[in-house]
Amino acid sequence: MKQPIDARTWTLNACVALWAVRLAWHIGKRHTDEDYRYQSIRKRLSTRGQLCYYIQAFFYIFMLQAVLSLGVNYTVMRVTAMSSVQTFATGAGASKHSNGLDYLGFGVFALGFLCEVLGDAQLTKHIENPDPNKGKFCKTGLWRYTRHPNYFGEALLWWGLFIVSLGVPRGYITVFSPLLITLLLRYVSGVPLLERKARKHPEWAQYEAETAVFIPWFWDKNATPKQDDDFAEVQAQTKATEDEASSKIN
């Protein structure tokens, strides 16, 4: 007899489908060329020849991302595999399809999804703004409280799905799934790569000092930029550019 599917499983997979379609549409709309990060990887891997590039790219890009994808999605896979069996095995059927953890988890997912969508929309609006005085970095909306609201929202929605998994047997063992995506975004492929590039801009030091890096927090308008080596280098480059422009005018 075919196993019926419970409401928790339908809702969970609908959330993932919504997230995937929205993100694919956003990335496809934003990029007209290959992402600069992949261009950098291509250049680095090509130094030993084309054959080595293909081999390394297969494992480093495609296989690695496949493994990471399985890890991040394990929460969803476990709920999909076990929730309906648990629900209908009790004989209660659809009447026991949800509990407090479901409502909390889907609520956290909705909050994270909203943060990601709003963050992307606000950044797009900032980039398209023709005002020459707008500044390099977006400091309005969610970007006033975190330098990466879209990444924070991405991590948060996966924690929401993990909360839903607590309603199935041993769902807690999937905690590594949201933890993995959070660590990747915060310390590996998300925040560090973008900020490494952004630090070269003279407006960065002040923005970094006054705005929380990942988890939203209050804006500190009295913050003082960090006086590290990167800051000194940027200041020196800015001063050199200003001196050069001044000498040309004189």
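**Helix packing and aromatic pairs**

The crossing of helices α2 and α3 is right-handed (the near helix is turned clockwise from the far one by less than a right angle). The structure is a predicted model, in which local features need pLDDT of at least 70 and side-chain atom pairs count only at pLDDT 80 or more, while totals for chains, interfaces and linings use all residues. Residues are numbered from 1 along each chain as its sequence is written, and side-chain values use heavy atoms, leaving out hydrogens and water.

Helix α2 covers residues 36-45 and helix α3 residues 50-72; their axes lie 9 Å apart at an angle of about 140 degrees. Here helices are DSSP runs (H or I, at least four residues) numbered from the N terminus, and axes are lines fitted to C-alpha atoms over the stretch in contact, with angles from 0 to 180 degrees between N-to-C directions. On the α2 side, the contact (heavy atoms within 4.5 Å) is made by Tyr38, Ile41, Arg42, Arg44 and Leu45, and on the α3 side by Tyr53, Gln56, Ala57, Tyr60, Ile61 and Gln65.

Turning to aromatic rings, the whole structure holds 11 aromatic pairs (ring centres of Phe, Tyr or the six-membered ring of Trp within 6.5 Å; planes under 30 degrees apart are stacked, over 60 edge-to-face, the rest tilted). Trp159 and Phe162 form an edge-to-face pair, because their planes stand at 90 degrees, with centres 5.9 Å apart. Phe162 is buried, at 9% relative accessible area, and Trp159 is partly exposed, at 26% (buried is under 20%, exposed over 50%, partly exposed in between, with a 1.4 Å probe and protein chains only).

Key: Helix = DSSP H or I, 4+ residues; strand = E, 2+ residues; numbered from the N terminus.
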